[in-house]
Amino acid sequence: MAGWSSEELRRIAETDDLHISPFREDGKTYGTLTWIWSVVVGDSLYVRAYNGQRSSWYQAAVKQRAGRITAAGMTKEVAFEPVDGPINDSIDDAYREKYKGSPYLSSMINPRARAATVKIIPQ
């Protein structure tokens, strides 16, 4: 499985237009595109659910483990991998940097959102 190219990650990091669409229950039909914040840490792309693990897109991503994203003019088939552990501190820092000044930032780095962190891996 190839990872993200440095150009793809740069483009995604510089924009605020990532939409996520995990597969529905049938594993074939894409769910509704949902706009979410994204950050790049190292050579990986991460997203979090504002409403935590109750978020419908998060539940679908964890259950189906695959879907599609659109960002920075690209559409990519992707895999979703739940994330936990120390990497969340670096993800918090990336959110602070990218979204500084936003009234929603504190909600994206609180325990509820941290518990719903997903790594997006291109297929």
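1. Two strands are taken to pair if DSSP finds at least two bridges between them. The model discussed here is predicted, and the pairings below are to be read on that basis.

2. Strand S1 (residues 19-22) and strand S2 (residues 34-35) run antiparallel and are joined by two bridges. Within S2, Thr 34 is the bridge partner of Ile 20, and Trp 35 is the bridge partner of His 19.

3. S1 also runs antiparallel to S5, to which four bridges join it. His 19 stands opposite Thr 70 of S5; the bridge partner of His 19 in S2 is Trp 35, as noted above.

4. Pro 22 belongs to strand S1. Is Pro 22 buried or exposed? With a relative accessible area of 5%, Pro 22 is buried, because the cut-off for a buried residue is under 20%. Leaving aside residues up to four places away in sequence, Pro 22 touches Thr 29, Tyr 30, Gly 31, Trp 57, Ala 60, Ala 61, Ala 66, Gly 67 and Phe 80. The C-alpha atoms of Pro 22 and Val 78 lie 8.8 Å apart in space, although the two residues are 56 residues apart in sequence.

5. Helix H1 covers residues 6-14, and its buried residues are Glu 8, Leu 9 and Ile 12. Viewed down the axis of H1, these buried residues fall within an arc of 95 degrees, so they line one face of the helix. As a general point, an α-helix has 3.6 residues a turn, so residues three or four places apart point the same way. The face of H1 turned away from the buried side carries the exposed residues Ser 6 and Glu 14.

6. What covers the buried residues of H1? The cover includes strands S3 (38-41), S4 (44-48), S5 (66-71) and S6 (74-83), together with helix H3 (87-98).

7. The largest pocket holds about 190 Å³ of space. Its lining consists of Thr 34, Trp 35, Ile 36, Trp 37, Arg 48, Tyr 50, Asn 51, Ser 55, Trp 57, Tyr 104 and Met 108. Seven of the lining residues are nonpolar, three are polar and one is charged.

How values were computed: Residues numbered from 1 in each chain as written. Predicted model: local features only at pLDDT ≥ 70, side-chain atom pairs only at ≥ 80, totals over all residues. Heavy atoms only, no water. 1 Å grid on protein atoms, 1.4 Å probe; cavity = no way out; pocket = protein on both sides within 12 Å on 5 of 7 lines; lining within 4 Å. Points joined across faces, edges and corners; volume = space filled by probe spheres on them. Nonpolar A, V, L, I, M, F, W, Y, C, P; charged D, E, K, R; others polar. Buried < 20%, exposed > 50% of the residue type's maximum accessible area, 1.4 Å probe, protein only. Arc of directions from axis to C-beta. Contact = heavy atoms within 4.5 Å.
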